Amino acid sequence: MYRLGARSKTELQGVHPILGFAAYEAIKRTKQDFGIVNKGGVRTDQEQRDMYAQGRTKEGSKVTWTLDSFHQYGLAMDLVAYEGGEFTWDTQYYPEIIRAMKEVIKEHDLPIDHGFDLWGKDLPHWQLTGMKDEYDVRKYNA
């Protein structure tokens with residue numbers, strides 16, 4: 001059984017507790033290790049602008065960065081597969097993570113959406129859609 005490491009726990013600081021709960025539960029159920037890395041949790045507005053300016057290309061698919069990301073609100077997290085001692089975005093490692101997350105979501109009736117289900121890309125991304133008016137971690141960090 002896997003568990004979230006110190007880096008992942010740090011990335012979850014400020015992320016909505018529902019997402020944190022789901023990640024903690026999913027890692028116990030999955031056969032694929034994963035973590036939350038590379039600002040996969042809360043991002044400042046500046047960090048999001050920097051990521052937007054960089055653009056991102058992985059294996060030929062363009063990832064479109066928005067300047068109003070759910071990550072900035074504490075309403076999203078990226079669960080990145082861990083394989084061979086390193087994090088990987090290789091799609092072959094994600095079905096098991098997705099299975100575990102969807103099992104937890106269904107079992108606990110959590111309002112979490114998967115990035116791939118929303119827009120057909122972004123396998124690591126999970127978010128609480130429709131909660132930007134209810135929860136904004138930036139209010140607490142001001």
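Which residues have the most contacts inside the largest nonpolar core? They are Met77, Leu79, Met101, Ile112 and Trp126, in a core of 35 residues. A nonpolar core here is a set of buried Ala, Val, Leu, Ile, Met, Phe, Trp, Tyr and Cys residues joined through side-chain atoms within 4.5 Å. Buried means under 20% relative accessible area, with a 1.4 Å probe and protein chains only.

A word on the model before going further. It is predicted, so local features need pLDDT of at least 70 and side-chain atom pairs count only at pLDDT 80 or more, while totals for chains, interfaces and linings use all residues. Residues are numbered from 1 along each chain as its sequence is written, and side-chain values use heavy atoms, with hydrogens and water left out.

Now the overall layout. The protein chain has 7 helices and 8 strands, taken as DSSP runs (H or I, at least four residues, for helices; E, at least two, for strands) and numbered from the N terminus. Of its 142 residues, 44% count as buried. Take the contacts (heavy atoms within 4.5 Å) between residues at least 6 apart in sequence: 68% of them join residues at least 24 apart.

Elements giving it two or more residues are α2, α4 (70-73), β4 (76-78), β5 (80-83) and α5. The largest share, 7 residues, comes from α5.

Beyond its neighbours within four places in sequence, Met101 is in contact with Ala22, Ala23, Ala26, Met77, Leu79 and Trp126. Leu79, for its part, touches Ala23, Phe34, Gly35, Ile36, Tyr94, Ile97, Met101, Pro124 and Trp126, leaving out residues up to four places away in sequence.

The axes of α2 (residues 17-29) and α5 (residues 94-108) come within 8 Å and cross at roughly 125°; axes are lines fitted to C-alpha atoms, for helices over the stretch in contact, and angles run from 0 to 180 degrees between N-to-C directions. On the α2 side, Phe21, Ala22, Ala23, Glu25, Ala26 and Arg29 meet residues of α5 including Arg99, Ala100, Met101 and Val104.

Notes. Buried means under 20% relative accessible area, exposed over 50%, partly exposed in between (1.4 Å probe, protein chains only).
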